[in-house]
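Q: I would like to learn how to read the features of a protein model. Could we go through them one at a time?

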Amino acid sequence: MSTEKHVVVLGAGVTGLTSALFLAEAGYKVTVVAAHVPGDSSIEYTSPWAGAHWLPHARANEPVICDWDVQTYEHWLGIIRREEEDPTLPPSGLKQIDSYELWDKNPNYEIWYAPHVEAFRTLSASHKPISAINEKASLASADLPEIQHGAYYKAMCINVPRFLLYLQERATSLGVRVLKAHLPTHGVLSATLSGTADFVRLETGRPKPACFVNATGLGAKKLCGDDAMYPIRGQTVLVKGEARSTITRVGDGYRAYCIPRPGSGTTILGGTKEEGVWDETPDARVTEQILRLNALQVPELLTGPEWGFEVVSVQCGLRPARRGGPRVEREKVGDWEIVHAYGHAGAGYQNSVGSARLVVELVGEGVGAKGLAAKL
Ligand SMILES: Cc1cc2nc3c(=O)[nH]c(=O)nc-3n(C[C@H](O)[C@H](O)[C@H](O)COP(=O)(O)OP(=O)(O)OC[C@H]3O[C@@H](n4cnc5c(N)ncnc54)[C@H](O)[C@@H]3O)c2cc1C
């Protein structure tokens, strides 16, 4: 069913592209306008820097975000199952994988997602891989506490460069146009939206937008003056080889994780969470710590000289965090309807399906086409 309504999505990260795809599937004419698109590399474009995997950060007292995570898990599993049944489908870059969360101390929060994931079970210090990692740490005289607790379940890891292209390809196959442009951030938002509407009309001949979606990530800090936005920097190391599982170890003041990028022959090793840090230059001491901690948990990737990793690159990305949590809501800005969708911090991928479905619902309310999202 076509609504004939034109929606302009600002931003081509995982949030903007998933929203654009779902809006197109709901029958809207969609144009994406973004300074950076899949294939681009910039510190102002977070999505390509992510690991990424499905591992909830939301706590049980954040039911909306927990629900987004669950919706994404189920939707992604559907994509993976369809690809297994029909290998001629374009690859999404998603893969179901054995996932381990390991803690030096008992985590003091509820693992609310246990009933929502496949094969969940808790692990004690005598279970693998905990026993193997503790033993290695002891042999290497690593100055680390022992891991005491763990959880195993089946989740997903993502080849993020591939997944962003997949979203874009699926969206454009439904008529979504993607335009590259940097929107001015020094003016008032209503004037920026009017200018963008003119730009889109000139470039595409499409009619005046009935609604905008603001999926500009950290860019929203300047674009709409949201001072609650701040970066959480993450430094990672890309190494050769694909780890057999994802492992995320959390201890006092540190974390170590490995996330294979399916089909790429590489794995992301992390990493840091540095609040308020905008600098994109990696820290050599952090790189050394990431490699040292991960050597204990992914020995299968120690294929380089002297039992080391084969490092491909070292990089930093800025998670788009927001005090008060992600902003997914409608606003009237001058004459324009806008739905904001930004501030997903370290969970933009695993939130993406639930968040985008809410975007479609809010756009529907804004343009008077309520109910269209129900089938998605
Ligand atoms: C190291 C690291 C590891 C991570 N791991 C995970 C993980 O395992 N799982 C997970 O779910 N998430 C993870 N994340 C978080 C995830 O990457 C982000 O939440 C997500 O990428 C945010 O996507 P976005 O689309 O909201 O923003 P972005 O990807 O930053 O996209 C913003 C878009 O807006 C555009 N834009 C901004 N300002 C303007 C402007 N003025 N004019 C025009 N266009 C503009 C940009 O060009 C871009 O296209 C990780 C992040 C990092 C850094």
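**Reading the features**

A: T248 is buried, its relative accessible area being 7%. Buried stands for under 20% relative accessible area and exposed for over 50%, with partly exposed in between (1.4 Å probe, protein chains only). This is a predicted model, in which local features need pLDDT of at least 70 and side-chain atom pairs count only at pLDDT 80 or more, while totals for chains, interfaces and linings use all residues. Residues are numbered from 1 along each chain as its sequence is written, and side-chain values use heavy atoms, with hydrogens and water left out.

Q: Where is T248 placed, and which residues does T248 touch, not counting residues up to four places away in sequence?

A: T248 is in strand β9 (residues 246-251). Helices (H or I, at least four residues) and strands (E, at least two) are DSSP runs, numbered from the N terminus. Contact means heavy atoms within 4.5 Å. Leaving out residues up to four places away in sequence, T248 touches H53, L55, Y100, E101, L102, A256 and Y257. T248 and E337, which are 89 residues apart in sequence, lie 41 Å apart in space, C-alpha to C-alpha.

Q: Is S355 buried or exposed, and in which helix is S355 found?

A: S355 counts as buried, at 1% relative accessibility. Helix α8 (residues 348-367) holds S355. With residues up to four places away in sequence not counted, S355 touches W68, V328 and H344.

Q: How many disulfides are there?

A: A disulfide is a covalent bond between the sulfur atoms of two cysteines. The rule used here asks for a pair of cysteine sulfur atoms within 2.5 Å. By this rule the count is zero.

Q: How is an aromatic pair read, and how many aromatic pairs does the structure hold?

A: A pair of aromatic rings is described by the distance of the centres and the angle of the planes. Rings of Phe, Tyr and Trp (its six-membered ring) pair if their centres lie within 6.5 Å; planes under 30 degrees apart count as stacked, over 60 as edge-to-face and the rest as tilted. The structure holds ten aromatic pairs. One of them joins Y113 and Y153, edge-to-face, at 5.8 Å centre to centre and with 70° between the planes. Y113 lies in the loop between β3 (94-103) and β4 (118-124) and Y153 in strand β5 (residues 149-158), so this pair ties together parts that are 40 residues apart in sequence. Y113 is buried at 2% relative accessibility, and Y153 is buried at 0%. The rings of F163 and Y166 are stacked, because their centres are 6.0 Å apart and their planes are at 20°. Both residues of this pair, F163 and Y166, lie in helix α4 (residues 160-173), three residues apart, about one turn of the helix.

Q: Which residues form one aromatic cluster?

A: The cluster consists of W54, Y73, W112, Y113, F120 and Y153.

Q: Into which domains is the protein divided, and what area do domain 1 and domain 2 bury between them?

A: Domain bounds come from an automatic or database domain assignment. The protein is divided into domain 1 (6-51 + 162-228 + 323-375) and domain 2 (96-158 + 229-321). Their C-alpha centres lie 31 Å apart. The contact takes 20 residues from domain 1 and 16 residues from domain 2. The size of an interface is often given as the accessible area lost when the parts come together. Here buried area is the accessible area (1.4 Å probe) that two parts lose on being put together, summed over both. Domain 1 and domain 2 bury about 1700 Å² between them, 69% of it on carbon and sulfur atoms.
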